[in-house]
Each structure stands twice: as C-alpha cells, then as structure tokens.
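Subject: Structure handover

Hello,

My notes on it follow below.

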Amino acid sequence: MLVVIHPNKEVGSNQAARIVADQVHRKPDSVLGLSTGNTPLATYTELIRMHRDDGLDFSNVTTFNLDEYYGLPREHPQSFYAQIHKNFLDHVNVRPDRTHIPDGGSKDIAMACFDYEAAIRDADGIDLQILGIGRTGHIGFNEPTSSLASRTRLKTLSDETINDNSKITGDIPQVAITMGIGTILEAKQILLLAFGEAKAKAVAKAIEGPISSSCSASALQMHRDVRFILDEEAATELRHRSYYDRVIEQTTKYAPELLGIAND
Ligand code: PGA
C-alpha cells in the first residue's frame, strides 16, 4: 500500500492522470475502471488534455464504471452514464462498444448485475481501477456493513451519501447498482483519490483502521497494489504521516521503479 500525499488536489490529480496514461502506454488495450463524483474530474480533464495535445490513444481501451443510480434513465443529467460521458468519454477516443456502465434502467436487476460481472470477466478483469471515497468510507456505493466479499448488486444508499450527492446534483434515487467490494479487489491495480478535509476521517479509517465492513475502503488493505493519492487536507487525520513521507523518500532513492512514474 502506497500513501502519496501531494501539496494540493491539482498536483494529485495530475499524478493520477500520469499513472493512467502510463498504464495505457504500457498496455494499449488496458481495461480501466472509472468512477464518477467530483473527485476524479480534474484527472479526467488532464487525460482529455493528454489525448488532445499528446496523442494519448484510448482506441483499444475498455472501460467499466463502478456504479450507477437505479431508476434514472441514461439520458437523465444526474445519471452516472450522462456524467461520465460529459466529463470524460465524449472527449477521448474510447470506442462506445468498449464502454460499460451498470444498467440503472434494467427491469431484471439480478440479471443486469450478473451480466456486468460476466463482462468484466470476459475482458480479463480490470487492469487499473480509479476510486473515490465517500465520507462513510464507501468505495463504489458499498455503504457501511456491505459484505467485504460482495459482488455487483443493488445497494441502498446511506443518508450521508444521499445528502452529499444531492448537494452536487439535486435529488437522487435511494438505490444504485454498484460493483461489490469483492469485484473491486480483483482489479490488478487500484488508485484511490481523496481530496479535501471532508474526506480526512474516512481516509484515516481506510488506511489505518481495522479492516471492517464499517468502512468498506479498509478492505483495500488486503490488495497488493493500491495507491492512495491524497492532498494535504485529506491526510490530516493520518497518525503515521511522517512514515508515509519517508517511504516515498526511501523508495525514490532505492527502488524508484516501485513508484512507477511517481518518480519523474
Ligand atoms: P465525490 O464522491 O468524489 O463526489 O466526493 C466520492 C464517492 O462518493 O465515492
């Protein structure tokens, strides 16, 4: 687990974009796990810039979104389908038939979830999953008490999540289809982005708390290749802050390859 604390959100977001770009350069047919919400927006903006100015090519990339509200038509401006198109997919050259978003309009929820898991398997799994974290500690919409082994399914949103998300987009449904924690943990590499003081408590629980369904992001402690990309504000509740800085310093010195492009 690598905890990288950046001076601000802009630097962290740009680093996340460089990690994604590096993944796509190394493996042009990468499978990317995308998330919505405010947190990854600046990363998507930088990836769009790299596509436009540097020729970053997504034509062989496949994408899977983490989650989608249940009961909103795709064309609804608050749907995650609409948001990920507006903020990322419409501006890069990912082929439409290679983008996947849970079907929040499906009448057969169990089948939609089963099909989503099957599509991820058929794509040989997710190479790089981008995550945000909710104030409840959720990843995807895996609210507290979600099974740490959960798969894609319908999930009822917590009051806190409904409040937070409706502040951004107005009234939202109370249920969503989300990849499970078990699904997320199968991604080969995970980047969790968290910026701002409102996330500090959830971030500390995720990184330093016990592994518990009370904070679904704490399950990431069991993943072998996870990187937390934080700004100073999101890092304020970490008890071992100086240790994380020393890890980066020493790794940069002795094994920069372990940091990937973090060293450039
Ligand atoms: P946010 O949401 O990026 O809008 O803060 C994160 C999340 O709920 O996972």
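One definition before the findings: a polar contact is a pair of N or O atoms within 3.5 Å; within protein, one atom must be able to donate a hydrogen and the other to accept it, and residues adjacent in sequence count only if both atoms are side-chain atoms. The model is predicted, so local features need pLDDT of at least 70 and side-chain atom pairs count only at pLDDT 80 or more, while totals for chains, interfaces and linings use all residues. Residues are numbered from 1 along each chain as its sequence is written, and side-chain values use heavy atoms, with hydrogens and water left out.

Ligand site

The ligand sits in the largest pocket. Two terms are needed here. A pocket is found on a 1 Å grid over the protein atoms alone, as an open set of points with protein on both sides within 12 Å along at least five of seven lines. A molecule sits in one if more than half of its atoms lie within 2 Å of its grid points.

Which residues surround the ligand? They are Gly37, Asn38, Thr39, Gly132, Ile133, Gly134, His138, Ile168 and Lys199. The cut-off is one heavy atom within 4 Å. By class, this shell has two nonpolar, six polar and one charged residues. In that scheme Ala, Val, Leu, Ile, Met, Phe, Trp, Tyr, Cys and Pro are nonpolar, Asp, Glu, Lys and Arg are charged, and the others, Gly among them, are polar.

A polar side-chain atom of Thr39 lies 2.4 Å from a ligand oxygen. For a polar side-chain atom of Lys199, the distance to a ligand oxygen is 2.6 Å. Asn38 uses a polar backbone atom, 2.9 Å from an oxygen of the ligand. Taken alone, the ligand exposes 280 Å², and the protein buries 83% of that. Accessible areas come from the Shrake-Rupley method with a 1.4 Å probe; for residues, only the protein chains shown count as cover.

Positive phi

Asp124 has a phi of about 70°. Asp124 is in the loop between helix 4 (109-122) and strand 6 (128-131). Helices (H or I, at least four residues) and strands (E, at least two) are DSSP runs, numbered from the N terminus. Is Asp124 buried or exposed? Asp124 is exposed, at 65% relative accessible area. On this scale buried means under 20%, exposed over 50%, and partly exposed in between (1.4 Å probe, protein chains only).

Thr145 has a phi of about 80°. Its place is the loop between strand 6 and strand 7 (153-156). Thr145 counts as exposed too, at 62% relative accessibility.

Side-chain contacts

Asn142 lies in the loop between strand 6 and strand 7. Asn142 counts as buried, with 0% relative accessibility. Its side chain joins that of Arg153 in a polar contact of 2.9 Å.

Arg95 is in the loop between helix 3 (80-87) and strand 5 (99-100). Arg95 is partly exposed, at 36% relative accessible area. A polar contact of 2.7 Å links the side chains of Arg95 and Asp97. Arg95 and Thr62 are 33 residues apart along the chain, and their C-alpha atoms are separated by 7.9 Å.

Glu46 belongs to helix 2 (residues 41-54). At 14% relative accessibility, Glu46 counts as buried. The side chains of Glu46 and Arg49 make a polar contact at 3.0 Å.

Sequence versus space

Ile130 is in strand 6. Ile130 is buried, at 4% relative accessible area. From Ile130 to Leu66 the sequence separation is 64 residues, and the C-alpha atoms are 8.8 Å apart.

Val24 is in helix 1 (residues 9-26). Val24 counts as buried, at 3% relative accessibility. Val24 and Phe64 are 40 residues apart in sequence and 15 Å apart in space, C-alpha to C-alpha.

Best wishes

Definitions and conventions
On a 1 Å grid over the protein atoms alone, a cavity is a set of points where a 1.4 Å probe fits but cannot get out, and a pocket is an open set with protein on both sides within 12 Å along at least five of seven lines; lining residues have an atom within 4 Å of a point.
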